[in-house]
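User: Please take a close look at one part of this protein for me. I would like a connected account, with the terms spelled out.

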Amino acid sequence: TCEQAEANEYDLLVIGGGSGGLACAKEAAQFGRKVAVLDYVEPSPQGTKWGLGGTCVNVGCIPKKLMHQAALLGSALKDAQHYGWNIAQPVHHTWSLMAQAVQNYVKSLNWGHRVQLQDKKVKYFNMKGSFSDPYTIRGLTKAGKETVVTAENIVIATGGRPKYPTHIAGALEYGITSDDLFWLKKSPGKTLVVGASYVSLECAGFLTGIGLDTTVMMRSIPLRGFDQQMASLVTEHMESYGTKFLKRCFPTKVEKLESNRLQVTWKNTDLGTEETDSFDTVMWAVGRAPDTEALNLEAVGVKTNSETGKIVVDASEATSVPHIYAIGDITEGRPELTPTAIAAGKLLAQRLFGQSSELMDYDNVPTTVFTPLEYGCVGLSEEMADLGALQFHLIQLHALSLNVLRKDLYVMYCFQVVCLREREQRILGLHFIGPNAGEVIQGFALGIKCGATYPQLMKTIGIHPTCAEEITKLHITKRSGLDATVTGC
Amino acid sequence: MTVWLFLCKSFIITKLKEAAKYEKKVMVLDFVTPTPLGNSWGLGGTCVNVGCIPKKLMHQAALLGQALEDSRKFGWQFTEEVKHNWMTMTESVQNYIGSLNWGYRVALREKKVTYENAYGEFVGPHTVKATNKRGVEKLYTAERFLIATGERPRYLGIPGDKEYCISSDDLFSLPYCPGKTLVVGASYVALECAGFLAGLGLDVTVMVRSILLRGFDQDIANKIGEYMEGHGINFIREFVPIKVEQIEEGTPGRLKVIAKSTKGNQIIEGEYNTVLLAIGRDSCTRKIGLDKVGVQINEKTGKIPVNDEEQTNVPYIYAVGDILQDKLELTPVAIQAGRLLVQRLYAGATSKCDYVNVPTTVFTPLEYGACGYSEETAVEKFGEENIEVYHSHFWPLEWTVPSRDNNKCYAKIICNIQDNERVIGFHVLGPNAGEVTQGFAAAIKCGMTKEQLDSTIGIHPVCAEVCV
């Protein structure tokens, strides 16, 4: 109502200062609107907390990629000897040096975000927000001081936090999650990572790469939702790389030993046996839960999905309450990715304040799993294409290691295109396993957005010598049954 | 009677396999005339032996040197001093090349392509004379011929050049470390070689007559030069060597280079262990008897003009690769052209090689990937008011922790305003530029517009996302 509008202090209030929230707030401020952001980090059960920027900056993409890079550099050190570099053995990795460098960089990003908000005249509250009524948010500081803020439009972008398997004895007291891993001051030592998500595999991957004794425990399949053939290649490589796998096992309890080590007991469902081993660190990577508890959504009637707890939104990011929106990991049915949250946030601000009507397109969003052997993909997997009963071609190439000077290293790179069989042969999905997978896939994602067809792909000349060029040469279909392995150039 | 006769010095094995696939009788003649210093190599052509492959491997060796330094900031600890051993690297590289040479011999055998290590030249219609290393001559006839003899490095034509200087034909198998090196030239060959030599710890100077990377986007060419200078490579601009003298013999020896300014009379002198000439390449078309069969060549450049089906003015003689006039000197282009040619001739296909929007990458220390128009060519063709250039510097995440090279990487997209802001030029300067550029090249082939670029979601955190 008119009176309500006059009473509202802000045009836009964003709850959650992560990828989506900050992008939305900054975009809205560009239109000269009065914008405020509330950001608050509830410490993890182990006591870890961090600054402005959300999951990606603090406990996600950024520290993950940097630690992945540290591990890749370890491999580079081994490669370097074959290329003529004389490095005296032994080579050590010191966790604290890496962690400090990464943490310092993250802190500089926190600072950068504060400055940016200031520059764009966005008001920042380091407070935990909850709804009092549809236009009013109650913000609570760490010290318990309360501030009431009202706004015409509210965007919920509080993201998610790692789940704890609280039904397992000792899980909460003794285990850590990705929230803690990147902020550890001391090396995690011999680590058990429980889970089969990309979080689990990426973390286990870089821990192995920096020289730590690492085990992954999976209850069933790795990387659920991803192309399963690719998922197997990823885990197979990790095994040859040195990561131990406990497949089809699930933990039953975690106990602390006198030595301060953790004793984990688990069930092996294949053998029907119970096994135990001790670790320095146990990390849970069994999924993430939306951070909606503190919001008091029931008070204002914002509907959530009964199964996942995520906020239900329509194509314009609107919740069940007209002027309340939600973006990012908190929303139901959306990819949990930084770039989609950012894009959704910007478009939302443009629709609210910039006379735009453009909706977010969640189709064909490319992504990359930064395991030791990286996996980049966009579009449909083989399984999804199957489910859609689409007549498709699966064209593949398995190349032996392109790391040609390392005879001791056998690595299967894999390139796969899924395309329609009908005349036009539009490309439905593209998958690549190999180094720099993200760099390779990005441009092709653009091609798919342009409706690329298989003939167009074949007309594109390759850049030589790269890995990506193999994609322009794919011609063996799975249907044909021919051997898709390539040896040499 | 042999159906196909290929004269190769270049890597077109796939084309040979293609022709043989259609059960045509195929023969290939390959011969490497030794360099002035006596260097030679096996089957596979320039790319495999003295081009792309060894170049990329040595570039990788240099990148690994940088990785070593970075790794300390990521927590890796090892001795302070790390030295590079040229012989270890060169041996590894040459062994790998040897395995490729062997692989091609096997592949040809499997596909029943007859191979002769002999120098081929036309002696009359449908007839070629093949002379092997020992001087034994044989005559062969064929229904059709494909010329794919490629090019060799050019020499300066000054005193001492052939006696004391090396070229890219010699560098990759040099049996001793080149030491303090002068690279003459401003081509991508010159800059790529200078780049990796410096990356391996050598003292490198580049002598440039005028501009860097002629034909490439000059804005980016200058950024590449600046980056190299910032990383310890010396540039001597607007000078050309006029004489090379030997001070002392050795492996390497010591050479004196006398150079003259292009702008006046100034003369300078310098001492180097090695002088690498990279001033251009000349087509191997002058001594293969083309006049005997009437194949026209461009007298000035030596290149062969062909129609859009790679056919010369003589209907039964075709040509592909580096020797073609007005075409790109790239391996994938040669491969594609050759493969499609054979498919048109024997499999009833109609696809012609698409030479437009061919992507390429220069593997200098800061890599450069490009597809489409350079900024200056776009301005020339469409007019400055009709193009829009979007650009951005970026800092790869992996370089933040070691705190290096902030704001050196760069990406630029050139759009045609009159054609729905269609992307007509793509340029990226940064790590893994080739991997980044490949996909964008495919998208440009699909006619991507700026709007489509904007609506594509980025992958985070990678360098390529700066482009979307």
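Analyst: Ser197(A) is partly exposed because its relative accessible area is 23%, and partly exposed covers the range between buried, under 20% relative accessible area, and exposed, over 50% (1.4 Å probe, protein chains only). Ser197(A) sits in the loop between β10 and α8 of chain A. Helices (H or I, at least four residues) and strands (E, at least two) are DSSP runs, numbered from the N terminus. Beyond its neighbours within four places in sequence, Ser197(A) is in contact with Leu223(A) and Ala285(A); contact means heavy atoms within 4.5 Å.

This is a predicted model: local features need pLDDT of at least 70, side-chain atom pairs count only at pLDDT 80 or more, and totals for chains, interfaces and linings use all residues. Residues are numbered from 1 along each chain as its sequence is written, chains are lettered from A and ligands numbered from 1 in the order in which they are written, and side-chain values use heavy atoms, with hydrogens and water left out.

Now Ala196(A). Its place is in the loop between β10 (191–194) and α8 (198–209) of chain A. Ala196(A) counts as buried because its relative accessibility is 17%. Not counting residues up to four places away in sequence, Ala196(A) touches Leu201(A), Met218(A), Ile221(A), Pro222(A), Leu223(A) and Ala285(A).

Both residues carry an annotation. An unreviewed UniProt entry lists a "binding site" made of Gly195(A), Ala196(A), Ser197(A), Tyr198(A), Val199(A), Ser200(A), Leu201(A), Glu202(A) and Gly287(A). These positions are spread over 93 residues of sequence, yet they cluster in space, with a largest C-alpha distance of 13.6 Å. UniProt positions are given in the numbering used here, feature names are shortened, and annotations may be inferred rather than shown by experiment.

Elsewhere in chain A there is an open sheet. Three strands lie in the order β13-β14-β15 (chain A), with antiparallel pairing; two strands pair if DSSP finds at least two bridges between them. The edge strands, β13 (249–256) and β15 (273–279) of chain A, each pair on one side only. The twist averages 25 degrees from one strand to the next. Axes here are lines fitted to C-alpha atoms, for helices over the stretch in contact, and angles run from 0 to 180 degrees between N-to-C directions. Strand β14 (residues 262–268) of chain A is joined to β15(A) by seven bridges. Gln263(A) stands opposite Ser278(A) in β15(A).
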